Amino acid sequence: MNRLSSATSAYLKSAAHQPVHWYPWGDAAFEDAKQRDRPILLDIGAVWCHWCHVMDGESYENPELAEFLNQNFVCVKVDRDERPDLDIRYQRAVQSFTGQGGWPLTAFLTTTGDVFYGGTYFPPDGRYGRPGFRTVLDQILVAFHQKRDQVARQSAAVRDAIAQTLDEAVAGPATEELIERAVSGMERIFDLTNGGFGTAPKFPHPAAVELLLSRWCDKAEPRVRKMIELKLLAMARGGIRDHLGGGFHRYSTDAQWIVPHFEKMSYDNSELLRAYLGAWSVFEREEFREAAAETVRFVRDVLADEAGGYAASQDADVGLEDDGDYFTWTADEARAVLTPAEFDVAAAYYDIGTAGEMHHNPGKNVLFIATTPDAISVRASLPESEVMTLLHSAQVKLRETRASRPTPFIDRTRYTSWNAMMAGAMLKAGVMLGDRWAHQHALKTLERIRAENPSADAVTHSPGGLPDLLEDQVQAALAAIDAAEVTGDDAWLDWSESIMERVWRDYWDPARGGFFDSKPEVNRGGLLAMRSKPVQDAPTPSPNGVAGIVLARLAEHTMRPEWIERRDTLIAAFAGGAAELGLHGATFLTAVDWQLHPSVHLVIVGAAGDQEADRMHQRALATWLPRRVVRRLAPDQLKRRALPPAMAGMIQPGAGARAYACIGASCRLPVSKAAEWDALLREIACIREARVPASRSGG
């Protein structure tokens with residue numbers, strides 16, 4: 001066992017048996033490199049990463065190559081999920097001279113941690129158009145020991161290049177044009193044939209869906225609806241969705257959404273759950289509800305911890321020669337567990353044939369929806385009800401059979417940012433799908449996060465992990481607002497405010513504006529000394545974008561002028577470059593949307609346990625509206641919580657259950673019955689199909 005045997009990271013533990021003398025990231029590795037004058041080999045990967053495991057098996061588990069590394073390099077292994085602060089810096093460094101990044105990230109560093117060469121996956125010998133790893137290692141040693149001046153110039157050039165990219169703050173005014181240019185940019189790269197943005201590979205980009213939903217509700221532009229529906233339908237029907245176990249894989253390798261990279265990430269599924277719930281509320285398409293409900297099932301069955309919290313990911317594979325075998329089927333495998341009638345229906349619906357989609361095993365089929373039950377009904381001369389019965393029984397049998405296969409590894413690490421994201425999404429699912437388990441488990445998760453972080457105004461990245469990452473703070477603050485809206489408990493709002501007060505003190509850049517991704521420290525090895533202010537969604541929502549949304553929502557909930565001022569100051573720090581972000585700036589542009597357009601305040605006043613007030617509260621939570629603020633207040637809370645000026649004068653504390661709705665400064669008359677409230681919400685809801693023709697491009 002090497003130095004990784006005591007690591008908490010699942011990725012590092014998976015390498016503890018390797019003959020390479022790995023160091024975890026830390027001062028000891030740098031001291032060793034300096035004392036022995038050796039270059040540092042930095043491997044950044046993840047336990048869910050297929051090619052990370054391939055490179056481990058091919059190279060790092062090879063005794064001869066391991067001995068060569070041990071004699072000539074200081075080797076450091078990093079889990080990108082555990083250390084996103086390291087990953088963003090070294091990804092940018094490698095990208096600066098290779099033009100691409102990804103995992104495994106293989107970087108070669110000086111003894112001070114600067115990058116002078118790097119890449120991603122290197123095969124042991126030259127193939128796939130890549131140089132062999134041993135050849136690369138020999139060249140690195142020659143450069144490091146015989147061309148030291150060249151190495152110094154190269155590493156300095158890399159440092160200078162990424163210094164410009166890590167600070168993404170570009171000051172400027174926030175205008176409607178920023179959102180318009182982003183939407184137009186999305187439209188230019190939208191795939192009208194297959195749905196989604198760009199070509200292969202295709203990623204989900206759920207933050208873009210949230211922004212487009214707001215745009216649709218405000219403007220009712222048919223082009224916007226087409227992008228939302230076509231994209232979500234294509235993903236819901238494609239192989240990127242797990243049609244047996246629920247949830248979504250990380251991305252699609254092809255333009256048609258059929259063949260995915262099979263790992264499943266908590267953060268993707270939380271954001272997609274929000275997107276499908278929102279689209280279902282707005283467009284009322286049953287396929288969107290089904291995709292959301294099955295994602296909740298995946299979370300419950302695979303990711304959820306009974307005590308609260310969610311696992312980080314599920315791996316794609318169970319071995320090096322495996323490529324999604326757990327999730328895919330040969331025709332013979334399906335026939336073996338289905339009746340002939342079930343197989344005929346399932347094979348037609350999911351396109352299970354003798355020629356599959358997987359290159360490593362051409363008989364393996366990715367399940368995707370290739371036709372409709374009514375089309376199968378016509379073709380097979382069966383009643384559609386019988387087709388549905390056969391399809392359902394086939395799904396049950398395939399699911400049960402799949403569960404008996406060796407299961408891909410599940411990383412049970414509870415990263416705070418991802419747990420908060422999932423908790424917020426599950427709170428929405430609890431209300432919109434009527435799923436009591438989702439509601440209760442989400443609150444249990446947030447309570448566990450709060451209990452495990454004794455500081456009232458800060459959270460760690462994981463239990464016992466780093467204490468200072470911005471993304472954890474702002475995601476926890478955002479989920480706390482969600483909890484406050486769902487429960488009506490002021491304590492959640494107080495927690496969110498406490499966290500954001502600390503964020504403002506510890507992460508704000510007083511010189512150029514914007515939040516740094518971590519707090520300053522005295523000793524920050526390697527590229528950690530370079531400060532980063534991220535505003536791009538890559539791959540998770542940008543922390544500065546999330547911070548903007550949190551500040552905007554706190555401003556609306558509390559009416560405190562300092563939150564409004566801080567929101568505006570933050571947005572101004574990045575708005576000058578927002579037009580260039582396009583698709584990858586969707587989270588930040590959602591914060592801009594909150595700043596530029598009026599919020600919708602839905603306030604329900606009634607004593608605790610008042611059933612009419614509770615029904616109106618639940619209905620408000622289940623209605624998707626852009627920039628929506630929901631508050632459930634008991635009469636004794638009215639003096640403690642400020643209300644929008646236009647609404648404050650309307651409140652009648654002793655009038656029993658009342659529901660109030662204001663869009664900006666324009667308010668409707670209060671109502672006291674759930675039926676009246678439903679009618680009012682329908683009036684102000686997003687423009688519906690009856691008033692604007694729906695796009696039928698999605699099917």
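E263 lies in the loop between strand 7 (260-261) and strand 8 (264-265). Strands (E, at least two residues) and helices (H or I, at least four) are DSSP runs, numbered from the N terminus. The structure is a predicted model, in which local features need pLDDT of at least 70, side-chain atom pairs count only at pLDDT 80 or more, and totals for chains, interfaces and linings use all residues. Residues are numbered from 1 along each chain as its sequence is written, and side-chain values use heavy atoms, with hydrogens and water left out.

E263 has a relative accessible area of 1%, so E263 is buried. Buried means under 20% relative accessible area, exposed means over 50%, and partly exposed lies in between (1.4 Å probe, protein chains only). The side chains of E263 and R250 are joined by a polar contact of 2.7 Å. Such a contact is a pair of N or O atoms within 3.5 Å; within protein, one must be able to donate a hydrogen and the other to accept it, and residues adjacent in sequence count only if both atoms are side-chain atoms. Neighbours within four places in sequence aside, E263 is in contact (heavy atoms within 4.5 Å) with W48, H249, R250, Y251, Q314, D315 and A316.

V605 is placed in strand 11 (residues 600-605). V605 is buried because its relative accessible area is 1%. Among its contacts beyond four places in sequence are A613, R632, L633, L638 and I651. V605 and L277 are 328 residues apart along the chain, and their C-alpha atoms are separated by 26 Å.

A642 is found in the loop between strand 12 (628-633) and helix 25 (645-648). Its relative accessibility is 33%, so A642 counts as partly exposed. A642 touches H557, T558, M559 and R631, not counting residues up to four places away in sequence. T558 is 84 residues from A642 in sequence, yet the two are 5.7 Å apart in space, C-alpha to C-alpha.

The largest nonpolar core has 131 residues. A nonpolar core is a set of buried Ala, Val, Leu, Ile, Met, Phe, Trp, Tyr and Cys residues joined through side-chain atoms within 4.5 Å. Those with the most contacts inside this core are I228, Y276, M426, M500, F515, L602 and W677. Helix 19 (residues 470-487) gives the most to this core, with 11 residues. Another core, of 42 residues, lies apart from it and includes L41, Y60, V151 and M421. In soluble globular proteins, nonpolar side chains tend to be buried together.
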